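Dear colleague,

Please find below the structure that I am handing over to you. My findings follow directly after it.

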Amino acid sequence: MPPASGRSLSRRQFAGALGAATGAAAFAGCSSTSAKDMDTLQVWGGIPAESGPQAVIDKFHEQYPGTHVTYTRYVNDDRGNLKVNTALQGGVDIDVFFTYGVPNLTMRVDSGLAADVGDLVRATPELEIFLDTEDPKALIDGDEITALATTRIPQMVLFNESLRERAGIELPTQWTFEEYLEVIRALADDGKYGTYVLPDLARIELGPNYRFTPEGDSNFSHPAFLRHFDLAAELIREGVLYPWSQALARQLEAYQQNIFIAEDFGLWTTAPYSLRFLTDQEEYPHDFKVACAPVPTLDGHDWNTGEYGAFIQINSKSPKQELAWEFCKFWLLESAQDVVKAGYISLLGEVDDEQLLAGILGEDAEQFFDVDSFRRTLFEDEPRMHLDTELTAYTEITQKYEQQRDVCWLLERSPAAAIEAVDKNAQALIDRFEED
Amino acid sequence: MAIVDTRIEGAGDPTGVAGARRPRRRGRAPSEPRPYVGWLFIAPNVLGVLAFTFIPLISVVLLSFTQWNLVSGFGGIEFVGLDNFIAVFRDPTFWRSLVITILYAGVAVPLTLVVGLALALALNRDLPGRGLLRAAFFIPYIVNIVAIGMTWQMLLDPGAGLVNQVLGVFGAEDLPQWFASSHWALPALILVTIWSQAGYANLIYLSALQDAPAQLYEAARIDGAGRWASFRAITWPSLLPTTVFLLVTLFVGISQTFGMIALITNGGPGSSTTTLSFYMYQTSFQFYRFGYASAVGLVTFIGIFAVMLLMWRAQRGRALHD
């Protein structure tokens, strides 16, 4: 049926129109550059907006009327970080971004993506803790400061109270590693394992930058690393630690909460962000209570295996540097109460421990937790945490370490051979990176 | 009575002598070139090939002579000459990955061909439900890689997996740990690869078998040749071009396997399933060494291309034709 105009499109006209449309669309796609909106601050972070960031942003809007902040959430994995890196170097409108994990931090800073906020920090007395170079909580290079940690991520030991009571173990408040070993051996019974993995013994003993000697060489020949591999392999063989073959086959590294809730093991070394699983009875139903203990000490060494993290940074290319700094300052000083929902304990902010505890443990805290044990461990013990600042070949060395750890804990390679391979590979990587 | 011209437009008599004169059509004759419309038709494909094949290809070649971490932007690209290639040949992980790739493709490809051919020979007979069986064997080839990965991960779970449970029923001891063992992970990966690719080989072999010269079989039968003699003297030579085609396409495809490795083993345990393509991914998207990863990619490409050429040359003149 001809169209109302009485003229029909010939094949040639149709083809021409199709080609023109395609060309126009392609051209439009290629040439579209989103103009930067000067009234809107673009913030990219890894926490879902509803777990705290949106509440912080709403308060910021109240305090700074006329400003607008848009929050974009990215998933903190390889793919998510690639997206952020591509966006940052590609000129996408990002003013403030959060970085998780030291390798990403160095890469972004070394590439000039992060603005220097050293002068601004020095001009703000409330942010004095970021000037501490002995116990660094910021990325400091001379006078330059390019990243500020927003949270403390202490490690803690969680107990399945039912299994602890059944094994007749007293809840520890301070304990040595030998006592810890006794406890996990006692918990390993009747088809249950003591724990998933040991806390990192080398970290407890050596603290920050433990992979490197003071001269910058590989430190994996330090006996602490071998002791960790050796003891873990022995405990896997004994059936005290969760079998590593199962952990690998079922890819459990990212899903440890599932097997803790399934009561496969009685003691779990983790961080506050894992507590959200324990308050979610719909997704993770369980009928046991959880208590908390500090990370054990080792021969007088007491570094916590946790760290400072979730670094806030300003894009050096942002045309809204002043507003971006106001937002960073606001986040550092005012977000504490809101981000606890995501299990984040802020470094700063006028929030007392009880409020933080209530935020982290949720509304029905008494139902799921021994609240006193969490209060004591998280706020009274003041664990010593670290921030690695020696970062040569950090990601590559981590990979080599994990590869050898896997074959060692699968009981395919001796701990001594595995650690020797890590040491050799790490030194080769350090040498190569220094050549570059 | 009006004469109705039923000829199809554009199918006119090329000699111009037959029949009555037709009214002259406006516009170009079909044989005349219409370059703009033609280009417009193929423009989307041309743009796609340019954007997703040629530009990345040229970029990889150029990047292989540079040091670049992507995050530093285009301004951070630093020309390093042949340094990346020298580093590739000195890199023990590259050589290890090369050995793993050769083992993986070197075992998976021939076994896929054997399984595909065996299935094709069986399904070329007049079996009940033949169509259904053909479809069933082809399905693994078109199933999504994520589904394949997850299913086989469950089947080959060393503890609760169905495969080990069945082996246990038959009294097997010291059961394989499959993906949870650096000794078994590669064989397990080969097993899954054969399962997913054999349907493709089967389909291609089936179509080739149906083109096999029937008169030769007839002659062989009259001469008293048995099945094995017929297969050796007629079937196999007539399948040789198909076999080489499959050998090349499967070798290229399997040696580039990435999704299954990323999903199931992530290159481990240890580095037991880190093939060259997975090493390239690690180097670029985990370590952000794009220049070096490009050099690894280029060396891999040249290697695969050389093997492919050798395969083509080896089969020249050996095929059986009608």
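The notes below go from the overall fold to the chain contact and then to individual salt bridges.

Please bear in mind that this is a predicted model. Chain A contains 19 helices and twelve strands, and its C-alpha trace spans about 90 × 55 × 55 Å along the principal axes. Of the 436 residues in chain A, 53% are buried. The accessible surface of this chain is about 19,800 Å², with 48% belonging to carbon and sulfur atoms. Chain A carries 35 positive and 73 negative charges, whose mean positions lie 10 Å apart.

The contact between the chains involves 35 residues from chain A and 37 residues from chain B. About 2,900 Å² is buried between them, and carbon and sulfur atoms give 55% of that area. Zero salt bridges were found across this interface, although the count over all chains comes to 19.

A:Arg405 and A:Glu253 form a salt bridge at 4.0 Å, N to O. A:Arg405 lies in helix 18 and A:Glu253 in the loop between helix 10 and helix 11, so the pair ties together parts that are 152 residues apart in sequence. A:Arg405 counts as buried, at 12% relative accessibility, whereas A:Glu253 is partly exposed at 39%.

A:Asp372 and A:Arg375 meet at 2.5 Å, N to O, in a salt bridge; both lie in helix 17, three residues apart, about one turn of the helix. A:Asp135 is bridged to A:Lys137, with the closest N and O atoms 3.2 Å apart. Here A:Asp135 is partly exposed at 28% relative accessibility, while A:Lys137 is buried at 10%.

With kind regards

Notes
Residues are numbered from 1 along each chain as its sequence is written. Chains are lettered from A and ligands numbered from 1 in the order in which they are written. This is a predicted model: local features need pLDDT of at least 70, side-chain atom pairs count only at pLDDT 80 or more; totals for chains, interfaces and linings use all residues. Side-chain values use heavy atoms; hydrogens and water are left out. Helices (H or I, at least four residues) and strands (E, at least two) are DSSP runs, numbered from the N terminus. Buried means under 20% relative accessible area, exposed over 50%, partly exposed in between (1.4 Å probe, protein chains only). Accessible areas come from the Shrake-Rupley method with a 1.4 Å probe; for residues, only the protein chains shown count as cover. Lys and Arg count as positive and Asp and Glu as negative; His and the chain ends are not counted. The place of a charge is taken as NZ of Lys, CZ of Arg, CG of Asp or CD of Glu. Contact means heavy atoms within 4.5 Å. Buried area is the accessible area (1.4 Å probe) that two parts lose on being put together, summed over both. A salt bridge is a side-chain nitrogen of Lys or Arg within 4 Å of a carboxyl oxygen of Asp or Glu.
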